[in-house]
Amino acid sequence: MPPAPSTTPQPSFRVGLGYDLHRLEPLAPAGKGRPLMLGGVRFEAPVVEGVAVGPVGHSDADAMLHAITDALLGAIGAPDIGQLFPDNDPRHESGDSRVFLEEAARRVRAAGYEIGNIDATVVLERPKLGPRKGEVRASIAAMLGLDASRVNVKGKTHERVDAVGEGRAVEAHAVALLIRA
Ligand code: MG
């Protein structure tokens, strides 16, 4: 017998957490590094020991969009970004990560929620996010159809220690709050 439909009301709020990391390698063709994208905005390539590097990934390797996508999917208990968009699927090779974010937002709405706010942090030695924060917030907000005041981004370094601090990786964290529509 199929389970009876749930009569429990959906909670008023749901919260989701997203995390992502991409290795940084010399830019193609010397390595597999791609141009650095954060929140859909292209940044200058970090230079590590005299070599320009960029994130390695199947898609455009936008760690910030991937973390936000997983925060939204996690908040509604949906499969994660790796399950929905497997990295062996040729459709997403070199793809724009906007597609992942937009699908997550579509699923949020289909589940009966709207996005209250998003807060994201990128951890990267350089370049600095600070001077371009407004641009990144506006980019992510536009993809989600939100006012930019509902999207916040922050940049941190890893104090020159461990992989991120040594310029070998870029990391992003995000939380999303959903409100029942
Ligand atoms: Mg990723």
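Buried here means under 20% relative accessible area and exposed means over 50%, with partly exposed in between (1.4 Å probe, protein chains only). The model is a predicted one, so local features need pLDDT of at least 70 and side-chain atom pairs count only at pLDDT 80 or more, while totals for chains, interfaces and linings use all residues. Residues are numbered from 1 along each chain as its sequence is written, and side-chain values use heavy atoms, with hydrogens and water left out.

The metal site comes first. A magnesium ion is held by Asp-20 through OD, His-22 through NE2 and His-66 through ND1, at 2.1 to 2.2 Å. Donors are N, O and S atoms within 2.8 Å of the metal (3.2 Å for Na, K and Ca), and with water not among the atoms, sites may look incomplete. Along the sequence, the donor residues follow the spacing D-x1-H-x43-H. Asp-20 in strand 1 (residues 13-26) and His-66 in helix 1 (residues 63-75) are 46 residues apart, a pair that links distant parts of the chain. Helices (H or I, at least four residues) and strands (E, at least two) are DSSP runs, numbered from the N terminus. Asp-20 and His-66 are both buried.

Next, the helix packing. Two packed helices are described by the angle between their axes and the distance between the axes. The axes are lines fitted to C-alpha atoms, for helices over the stretch in contact, and the angles run from 0 to 180 degrees between N-to-C directions. Helix 1 and helix 4 (residues 133-144) pack at about 45°, with axes 12 Å apart. That makes helix 1 oblique to helix 4; angles under 35 degrees count as roughly parallel, over 145 as roughly antiparallel, 65 to 115 as roughly perpendicular and the rest as oblique. The contact (heavy atoms within 4.5 Å) is made by Met-64, Leu-65, Ile-68 and Leu-72 of helix 1 and by Val-136, Ile-140, Met-143 and Leu-144 of helix 4. By class, that is eight nonpolar residues, no polar and no charged ones. Ala, Val, Leu, Ile, Met, Phe, Trp, Tyr, Cys and Pro count as nonpolar, Asp, Glu, Lys and Arg as charged, and the others, Gly among them, as polar.

Helix 4 also meets helix 3 (residues 98-110): the two axes come within 9 Å and cross at roughly 50°, which makes helix 3 oblique to helix 4. Here Arg-98, Leu-101, Glu-102 and Ala-105 of helix 3 touch Ile-140, Met-143 and Leu-144 of helix 4. This contact has five nonpolar, no polar and two charged residues. Ser-139, in helix 4, is buried, with a relative accessible area of 15%. Not counting residues up to four places away in sequence, Ser-139 touches Gly-39, Gly-40 and Val-41.

That leaves the backbone. Most residues other than glycine have a negative phi, and most peptide bonds are trans. The bond from Ala-28 to Pro-29 is cis, with omega near 5°, and Pro-29 sits in the loop between strand 1 and strand 2 (37-38). Arg-126 and Pro-127 are likewise joined by a cis peptide bond, with omega about 0°; Pro-127 lies in the loop between strand 6 (113-123) and helix 4. As for phi, Glu-159 has a positive value near 55° and Arg-160 a positive value near 65°. Glu-159 is exposed at a relative accessible area of 64%, and Arg-160 is exposed at 70%.
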